[in-house]
Amino acid sequence: VLKSAMPISQTAENELLKFIQAEAGHDKLLSRALHGLGTEPASVPVIHSIRALMEIFRCAGERNFLGFSMIVDIFERSAYRDEDPLATLLKSGGFEAASRQIDVHREINDAGGHENVALGFLHAMKPVSDDYALEATRLAELATLVVHQVSVETLLHIDLADHSMLN
């Protein structure tokens, strides 16, 4: 998805390439976290809202670099905590191995200044038209709404899984 923005990145091309390289391997951390939960990553279903979110992200990358950067910010902004909230939850549930992988991910992002990466993309961007800015805002707003839907669908999925285990 990040590569989708390369053709329109203009003056931010080097910053975007550095970010793409910095993100390489993060999937392995998440895979190890899932293994720490006793789960094979391939067995975890991809919920519909995740597919929709990634499609919005890809679309923004292809057509509106400001919107793309705003969505990167949604993904990368930091909660400025010493421990990732998901890591805290996993640790409290007894899943230390999974918790550690999530926190390693946070440490990498913190060390790389990922909470400010989108700002770096926009540093040399020239003023944009009202229509371009409006489209960027709508793409970011849509991504935000879908992020909240991810939480809802995840909770529903967990609740359904819990109920199926009870039967």
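This note reviews the fold, the helix packing and selected residues of a predicted model.

1. Basis of the model. The structure is predicted: local features need pLDDT of at least 70, side-chain atom pairs count only at pLDDT 80 or more, and totals for chains, interfaces and linings use all residues. Residues are numbered from 1 along each chain as its sequence is written, and side-chain values use heavy atoms, with hydrogens and water left out.

2. Overall architecture. The chain contains eight helices and zero strands, where helices (H or I, at least four residues) and strands (E, at least two) are DSSP runs numbered from the N terminus. In sequence order the pattern is α-α-α-α-α-α-α-α. Along the principal axes, the C-alpha atoms occupy a box of roughly 55 × 30 × 25 Å.

3. Of the 167 residues in the chain, 32% are buried; buried means under 20% relative accessible area, exposed over 50%, and partly exposed in between, with a 1.4 Å probe and protein chains only. Contact means heavy atoms within 4.5 Å. Among contacts between residues at least 6 apart in sequence, 74% join residues at least 24 apart.

4. Helix 3 against helix 4. The axes of helix 3 (residues 48–63) and helix 4 (residues 65–76) come within 6 Å and cross at roughly 140°. That angle makes helix 3 oblique to helix 4. Axes here are lines fitted to C-alpha atoms, for helices over the stretch in contact, and angles run from 0 to 180 degrees between N-to-C directions. Angles under 35 degrees count as roughly parallel, over 145 as roughly antiparallel, 65 to 115 as roughly perpendicular, and the rest as oblique. The crossing of helix 3 and helix 4 is left-handed, a term used if the near helix is turned anticlockwise from the far one by less than a right angle (right-handed if clockwise).

5. Composition of that contact. From helix 3, the residues L53, M54, I56, F57, A60, G61 and R63 meet F65, G67, F68, I71, V72 and F75 of helix 4. The residues of this contact of helix 3 with helix 4 divide into 10 nonpolar, two polar and one charged. In this classification Ala, Val, Leu, Ile, Met, Phe, Trp, Tyr, Cys and Pro count as nonpolar, Asp, Glu, Lys and Arg as charged, and the others, Gly among them, as polar.

6. Helix 6. Helix 6 (residues 96–111) has 16 residues and reaches 22 Å from its first C-alpha to its last, close to the 22 Å expected at 1.5 Å a residue; the expected span is 1.5 Å times one less than the number of residues. Its buried residues are A98, S99, Q101, I102, D103, V104, R106 and N109. They pack against helix 1 (13–23), helix 2 (26–36), helix 4 and helix 5 (85–92). Just after helix 6, G113 adopts a positive phi of about 65°.

7. Helix 5 against helix 6. The two axes come within 8 Å and cross at roughly 170°. Helix 5 and helix 6 are therefore roughly antiparallel to each other. L86, A87, L90 and K91 of helix 5 make the contact with E96, A98, S99, I102 and D103 of helix 6. The residues of this contact divide into five nonpolar, one polar and three charged.

8. Helix 2 against helix 6. These helices pack at an angle of about 160°, with their axes 7 Å apart. Helix 2 and helix 6 are therefore roughly antiparallel to each other, and their crossing is left-handed. H26, L29, L30, R32, A33 and G36 in helix 2 meet A97, A98, Q101, I102, V104, H105, I108 and N109 in helix 6. The contact comprises eight nonpolar, five polar and one charged residue.

9. L16. This residue lies in helix 1 and is buried, with a relative accessible area of 0%. Not counting residues up to four places away in sequence, L16 touches L2, A5, M6, S9, F65, F68 and F121. The C-alpha atoms of L16 and M6, 10 residues apart along the chain, are separated by 7.4 Å.

10. Which residues does S49 touch, not counting residues up to four places away in sequence? They are V146, Q149, V150 and E153. S49 belongs to helix 3 and counts as buried at 2% relative accessibility. L155 is placed in helix 8 (residues 130–166) and is exposed, with a relative accessible area of 58%. The C-alpha atoms of L155 and S49, 106 residues apart along the chain, are separated by 12 Å.
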